[in-house]
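Visitor: Hello! Could you walk me through this structure and explain the words as we go?
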Amino acid sequence: MFGLIGHLTSLEHAQSVAKELGYPEYADQGLEFWCMAPPQIVDTITVTSLTGQIIQGKYVESCFLPEMLASHRFKAATRKIINAMTHAQKHGINITALGGFSSIIFEKFNLQQIKQIRNVTLELKRFTTGNTHTAYIICRQVEQASQQMGIDLSQATVAICGATGDIGSAVCRWLDARTDVAELLLVARDQERLQDLQTDLGRGKILSLDQALPLADIVVWVASMPKGVEIDSTTLKHPCLMIDGGYPKNLATQIQHPGVSVLNGGIVEHSLDIDWRIMHIVNMNIPSRQLFACFAESMLLEFEQWYTNFSWGRNQITLENMDKIGQVSVKHGFQPLLL
Amino acid sequence: MPQLEASPEIDFHSETYRDAYSRINGIVIEGEQEAHDNYIQLTELLPQHKDELLRLSKMEGRHKKGFEACGRNLKVTPDLDFARNFFAQLHHNFQSAAAENQVVPCLLIQSLIIECFAIAAYNIYIPVADDFARKITEGVVKDEYTHLNFGEEWLKAHFAEAKADLEAANRQNLPIVWRMLNHVAADAHTLGMEKEALVEDFMIQYGEALSNIGFTTRDIMRMSAYGLSAA
């Protein structure tokens, strides 16, 4: 049994989903209520591999909302994640992916120090951030979508926004080692981490977002932000490929410029339909087939019975593990979403 | 991203702490006393479970003594008048149901609501308790899970015929719990216990119990949040 821990993108989104699913007790409530709401298993999932293997899973709604971070409700935010993990473990789930902000909160607030939750001892090997698969899929999206747009990577400048994060740094390492990309632009808030990353890579220019955007042929967005940023598309190169891997989206603007293509980053398409409701809720274009790559990682670990926290901690993602998860991703029928 | 603020050091012997503790300690002692009495009263409604119920009742009596020792340790006199008022409405509802031989509301009040409330409160209290009280409370909370289990098992076995009564009893009693929580939120805060966390832990425990009994996730989300927003 695999599990997915997820959350909705805003209070407004949460209210509309609760209304749609027929939970009026939750639909009419403000942030205060969501700060007290317990985790719930709201979907059961059956996934069939290309190999014919069938697995079962459960979706755990943590009731976390990004507004909890924006309004400094940190205790509530951390409770949501810990309680959702405990809920997953109590329900006997072997391997659970921490979607969206869940893994970021776990890491930033040092939640591994909390081992005992009520009468449950958390077993961290039952959880994965899913970031290795997400990073792998984003790299494949860079390679394949750039081809679709006629952008030659050997001539291209790629900006990574959120470069020092777990996914961002893995994307940088892969693009450096596995592609002939001409130039990497490293964008992030923490200057010290940026310097460390640049030293590790032995390349890459550290720039601010405003400096980097007009220079980039491809922009990879993997920053963790409760709200998206506004972009003036006239300042971008044309053509420009924007791969938005944020959840909620890093881009607040609906870019409608003929020279700019925006691709949802870190999303995979499965070759066969998946029986579930949750991807309708997060507004995937083809909800029966498209899903977050981090969620797919827990499915892959279940298919392969690799019951271990395959992705864990910060900046631990290796190229070898990206290859390994990439191979089983293809084997079981997942493909990167393309333009 | 900013870090969680460190919990401020608690002075267990300050006037403010001991004043708040007198009411919370009173509630816990009175709660264990009522539980003790309720389980004895339940033997009349469920004579075939008499031995088990008397065993649970005795445990509640021991818990009461443990919490009295916690109060003495901090040189606090428990405010039992406050505590009896605090439980008055739940007490009244239990007595009314018992007088009419209605087992289901009695079990919902004692075995589910009060036990879940106790488990939530004790679990939230343990990390912020003084050393003496922490040890006592850790022992107590383990027992409370077995008490919850008694009610769960009985209601699970009688789920089909008890379902409607459980829902009605939930509607009648859960709003009282939220009012009780609000009534002690400030004192609990003084002891380092946040209302938000208490509500969440209660809903988790209560939701688990309802799930074990046989309710669906949809029922649980509706029932466990009943009346919360109005409180």
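Guide: Gladly. Two strands pair if DSSP finds at least two bridges between them, and strands (E, at least two residues) and helices (H or I, at least four) are DSSP runs numbered from the N terminus. This is a predicted model, in which local features need pLDDT of at least 70, side-chain atom pairs count only at pLDDT 80 or more, and totals for chains, interfaces and linings use all residues. Residues are numbered from 1 along each chain as its sequence is written, while chains are lettered from A and ligands numbered from 1 in the order in which they are written.

Visitor: What makes strand S12 and S13 of chain A a pair?
Guide: Five bridges join S12(A), residues 240-244, to S13(A), and the two run parallel. Pairing asks for at least two bridges, so they qualify. One bridge links A:Cys240 with A:Val260 in S13(A).

Visitor: Why is S13(A) called an edge strand?
Guide: The open sheet has six strands in the order S10-S9-S8-S11-S12-S13 (chain A), with parallel pairing. Strand S10 (205-206) and strand S13 (260-264) of chain A each pair on one side only, and these are the edge strands.

Visitor: How do you know in which sense S2(A) and S3(A) pair?
Guide: Strands of a sheet pair through backbone hydrogen bonds, either parallel or antiparallel. Strand S2 (residues 40-48) and strand S3 (residues 54-61) of chain A pair in the antiparallel sense over eight bridges. A:Gln40 has A:Glu61 as its bridge partner in S3(A). Their hairpin has five residues between the strands, and A:Gly52 takes a positive phi near 100° there.

Visitor: Which domains does chain A have, and what makes them touch?
Guide: By an automatic or database domain assignment, chain A is divided into domain 1 (2-131 + 269-335) and domain 2 (135-266). Residues are in contact if their C-beta atoms, placed from the backbone, lie within 7 Å. By that test, 21 residues of domain 1 of chain A are in contact with 15 residues of domain 2 of chain A. On the domain 1 side, H13(A) gives the largest share, five residues.

Visitor: What makes a nonpolar core, and which residues touch the most other members?
Guide: A nonpolar core is a set of buried Ala, Val, Leu, Ile, Met, Phe, Trp, Tyr and Cys residues joined through C-beta atoms within 7 Å; buried requires 20 or more other C-beta atoms within 10 Å of a residue's own, placed from the backbone. Of the 170 residues in the largest such core, A:Val158, A:Ile160, A:Val171 and A:Val220 touch the most other members. Helix H4 (residues 103-125) of chain B gives the most to this core, with 17 residues.

Technical notes. Two residues are in contact if their C-beta atoms, placed from the backbone, lie within 7 Å. A residue is buried if 20 or more other C-beta atoms lie within 10 Å of its own, exposed if 12 or fewer, and partly exposed in between; C-beta atoms are placed from the backbone.
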